[in-house]
Amino acid sequence: MWRTECEDTADSTRLLWIAAGNDLAHVGGVGKAACYNESARLKLCHEGFFAFMSTLLKDYSHYVNQGWADTLDALGTVPIFVKAQGDRLYDTEDNVWFDFIGHYGATLFGHNFEPLTRALKRALDAQLPAGAPLGITTLAPNLAKTLIERLQLRGNWNNWTLSTGAEAVEAALKIAVSSTGRRKILVRRGAFHGLTAFTLQLNDRTFWRKGYEVLTESVLVDFFDDVDEGNQLLASEHYAALLVEPVQAIAGGRILNADEADRLRTGCTRYGSLFITDEVFSGMGRCGDYSAMQALGWRVEPDIILLSKTLTGGLIPSAQLVVRQALFNAFTCRPGCSKLLSSTFSGNPLGHSVALEVLAHLEPVLSDPEGNLPQAHFTAQLSELAKAYPTSLVNVLSLTNLHFLRFTTADLASEVWRYLHANQILTTICSHQPDTLKLICALGQTTESQDRLYEVIEYVCEEASNAG
Ligand SMILES: Cc1ncc(COP(=O)(O)O)c(C=O)c1O
């Protein structure tokens with residue numbers, strides 16, 4: 001049953017949602033997994049506290065989101081998180097939950113990293129305007145210059161700030177369609193580019209849009225798997241853009257390597273399509289460099305690069321569209337039509353302030369050859385685990401602050417995930433590759449959290465090998 005749910009759903013939290021109403025009685029299970037539920041039950045004996053929790057849950061269910069409350073309930077425990085710090089979340093009972101999700105990748109420096117919260121407070125105290133209607137803001141040029149320099153881009157580039165990753169993807173495709181006059185977009189299978197009606201079309205797994213397909217039928221999107229197929233399709237000269245993630249996290253860490261990037265770049269240039277890389281998740285330190293393209297040693301540059309998540313540390317929504325200047329000028333100077341790519345909250349200087357602080361803190365980490373050493377220890381630990389349990393854990397792929405653990409089956413991955421959750425360790429399953437567990441780490445992920453995670457996975461693998 002779990003297998004089917006995994007195949008059909010998104011990451012594990014979304015998976016949980018679908019699992020509502022199913023038989024999750026064995027969650028919490030035996031052995032270590034049982035420990036949490038038992039201690040939680042003891043703590044809950046305080047009557048007033050129990051009444052408070054119960055009212056909160058009821059109100060959440062009634063006024064906010066019954067489906068989500070039911071889903072969590074089915075998992076056996078509904079933590080109410082009240083505080084987040086570093087790699088930890090704290091619930092109402094002051095239980096520590098170790099976090100390997102990190103706000104879906106946004107909290108590279110950990111939750112509420114003090115230099116970032118301080119930068120945000122400073123920006124608030126400075127009484128900056130929220131936006132700049134009929135004017136410009138002070139921080140945008142500095143952020144643009146710094147990003148372009150850190151991405152080591154050659155030639156002339158611009159950076160335009162938007163609000164969310166999906167908004168940035170849509171903006172990039174607006175530029176592509178309007179500059180080429182073409183109607184089709186080419187996307188790699190397995191990718192994820194957002195959940196708006198438009199970006200949902202860029203996803204080859206149809207379950208994401210089930211029930212509202214009618215909203216997602218306007219754009220013509222084709223999908224490719226390997227580079228040869230991609231280039232064959234590009235040769236039709238029908239595509240405004242090729243859109244790729246250098247690392248497809250949701251597909252279990254599927255990489256587009258430097259040679260593949262070379263060939264696709266050649267195809268795009270030859271057949272007149274823009275080459276767009278979506279680094280909303282993989283960029284700005286996640287994979288050990290400013291972009292996954294740099295981390296993977298790409299020799300070619302795309303035409304547009306999209307960034308978000310880690311750049312504002314989960315504190316404020318902000319996304320960046322880094323675009324070749326000639327393209328952006330052509331778009332913004334078009335006569336007789338709207339040149340706007342943004343929405344009300346785009347370009348907020350609070351986001352710029354935090355992003356500049358993130359870049360200042362990334363610099364020493366990424367320029368120091370030993371900067372990645374703390375992550376290297378955990379990487380080695382995970383490889384050891386794979387060596388010790390080859391019949392359970394078939395592959396570990398580590399990209400500095402991002403790890404993919406591929407198990408023999410989706411059922412086993414799901415079992416590991418549930419045991420981790422029962423032991424207050426938060427992880428996700430890769431929605432498009434449900435046999436793979438994803439660990440999204442903070443730069444300062446503690447040894448305690450890593451050891452706890454290791455222990456639980458080792459326990460489940462050991463049980464699996466004993467079971468035959
Ligand atoms: C690669 C990628 N692109 C785009 C998005 C959409 O970003 P947002 O959720 O900010 O709209 C995401 C979100 O997870 C993503 O991982």
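The protein contains 17 helices and 17 strands, where helices (H or I, at least four residues) and strands (E, at least two) are DSSP runs numbered from the N terminus. The structure is a predicted model, in which local features need pLDDT of at least 70 and side-chain atom pairs count only at pLDDT 80 or more, whereas totals for chains, interfaces and linings use all residues. Residues are numbered from 1 along each chain as its sequence is written. Of the 468 residues in the protein, 45% are buried, a residue being termed buried if 20 or more other C-beta atoms lie within 10 Å of its own, exposed if 12 or fewer do, and partly exposed in between, with C-beta atoms placed from the backbone. Among the contacts with a separation of 6 or more, 75% join residues 24 or more positions apart, two residues being in contact if their C-beta atoms, placed from the backbone, lie within 7 Å.

The ligand is surrounded by 13 residues, of which Thr164, Gly165, Ala166, Gly194 and Phe281 are the closest; a residue is assigned to this shell if its C-beta atom, placed from the backbone, lies within 6 Å of the molecule. Helix H9 (residues 165-180) supplies the largest share of the shell, three residues. By residue class, the shell comprises six nonpolar, five polar and two charged residues, with Ala, Val, Leu, Ile, Met, Phe, Trp, Tyr, Cys and Pro counted as nonpolar, Asp, Glu, Lys and Arg as charged, and the others, Gly among them, as polar.

Helix H8 (residues 140-150) packs against helix H14 (residues 349-367) at an angle of about 35°, their axes lying 10 Å apart; axes are lines fitted to C-alpha atoms, for helices over the stretch in contact, and angles run from 0 to 180 degrees between N-to-C directions. On the H8 side the contact is made by Ala140, Asn142, Leu143, Thr146 and Arg150, and on the H14 side by His352, Ala355, Leu356 and Leu359. The residues of this contact divide into five nonpolar, three polar and one charged.

Most residues other than glycine have a negative phi. The phi of His103, by contrast, is positive, near 50°, and that of Tyr104 is likewise a positive value near 50°. His103 is partly exposed, because 16 other C-beta atoms lie within 10 Å, and Tyr104 also counts as partly exposed, with 16 C-beta neighbours inside 10 Å.
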